[in-house]
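This briefing concerns selected local features of one protein model. Please consult the sequence and structure shown below.

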Amino acid sequence: MPDSLIRNARHVLTMDDQRRELRATDILLQDGVIAGIGLGLPAKEAEIIEAGNAVVTPGLVNTHHHLYQTLTRAVPGAQDALLFGWLQRLYPIWARFGPEEMFVSAQIGLAELALSGCTLTSDHLYLYPNGSRLDDTIAAASEVGLRFHATRGAMSIGESEGGLPPDALVEDEKTILEDCIRVIDVFHDPQPGAMIRVGVAPCSPFSVTRDLMRDAAILARDKGVMMHTHLAENDEDIAYSLEKFGCRPGQYAEDLGWIGDDVWHAHCVKLDGAEIDLFARSRTGVAHCPCSNCRLGSGIAPIRQMRDAGVPVGLGVDGSASNDIGNLVVEARQAMLLQRVVNGADAMSAREALEIATRGGAQVLGRDDCGQIAVGRRADLAIWDIDAVENAGSWDPAALLLAGPMRVRDLFVEGRPIVRDGQMLTIDLPRVIARQNQLAQRLAM
């Protein structure tokens, strides 16, 4: 792979330990890592990327997604529903998916993320109809070229046992655990610079048993992988926990071993003060999904309080059936604005929200090799054109989340170009879009 030299960047937001902001700076990418930062770096045989009209940031990190849902955006009957009703509308549609639907929808979701500046994403796949496997989304990520943290999700309580999902979408718990072992053994790479990692991720407290939650935690720690699930998403979620388990979600998670720096929970909109303190003490991570929380009317997560307490927080676009778009810059802007709505205009700056979207997300996913621009870190970078109409007249182009842009100019993952001049390089995106639309039309029939 040839070296690349990003030359004369107008602004570099490093998100390093000193939170340095550099001007007129070169960045050398070599063998998958950032090899140099400074003025007038020698180009040798490196490809030159001019950045005099650009802001350079670390690649953004997405800590929660359901990629398969890009095939079910804006579904009638789900557009205005709360979480549980939304799920009941969509489960029968998702039951008709197969391997191609999983693969193509993941390609679309990953390309959408890449075009919004994302270099590292997790995915929570918790249903496997008609021969689908986690392997399908991992194959899509390998083609698109993003760094990928796949999680082997699961549901084991169907409607006949009081759960929400149709019985056809749940799995036997022994089968679930065996497949977790299989995908970890086949795909998980624990080394720095890994392109693929795997986590264990029972879907939610209302779709699996206590036994599976406990056994999944034991398995994950035996294998040395991370753990992920949904928690405390809305009022219905809290009511379910109190009725079924006799405790709040934070205590449920603690009782079953689901806290620690190897755990991150999605949403956490309804965490109370005691639960926030628990997460801070245990270094349990949170994937904040502000657009989805707004779309489903779940509420505004107490991110200011979490950050002030020391809870690791990253951003997630969540599934495209509950967000409808997968743009991580939009997500970061929404996170900033919602904290201001609740706590005042000085509650969260554009730079802090961008930090959550980069360094914060990398911390939540256990990736201290990513999320910042520093020598020796992975060469995952986003380059943003600030000469476009969105930034015309901006006094501080480095405050990206205030004026834009919302789409990346160039994107590098492990030093490889993934997006160039706003276009995907790794897949034939128009062809994939056409196939995605065909599949969606077939599902709608």
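The points below cover a helix pair, a single helix and a loop residue. The model is predicted: local features need pLDDT of at least 70, side-chain atom pairs count only at pLDDT 80 or more, and totals for chains, interfaces and linings use all residues. Residues are numbered from 1 along each chain as its sequence is written, and side-chain values use heavy atoms, without hydrogens and water.

**Helix 2 and helix 14**

- Helices here are DSSP runs (H or I, at least four residues) and strands likewise (E, at least two), numbered from the N terminus.
- Helix 2 (residues 99–115) and helix 14 (residues 429–444) have axes that come within 10 Å and cross at roughly 130 degrees; axes are lines fitted to C-alpha atoms over the stretch in contact, with angles from 0 to 180 degrees between N-to-C directions.
- Residues of helix 2 in contact (heavy atoms within 4.5 Å) with helix 14 include V104, I108, A111 and L115, and those of helix 14 include V432, I433 and L439.

**Helix 8**

- E275, I276, L278, F279, A280 and S282 of helix 8 (residues 273–282) are buried, that is, under 20% relative accessible area (1.4 Å probe, protein chains only).
- Among the elements covering these buried residues are strand 10 (227–231) and helix 7 (249–255).
- Just after helix 8, R283 has a positive phi of about 60 degrees.

**R409**

- R409 lies in the loop between helix 13 (400–403) and strand 15 (410–413).
- R409 is buried, at a relative accessible area of 14%.
- Beyond its neighbours within four places in sequence, R409 is in contact with residues including I49, E50, W384 and D421.

Definitions and conventions. Buried < 20%, exposed > 50% of the residue type's maximum accessible area, 1.4 Å probe, protein only.
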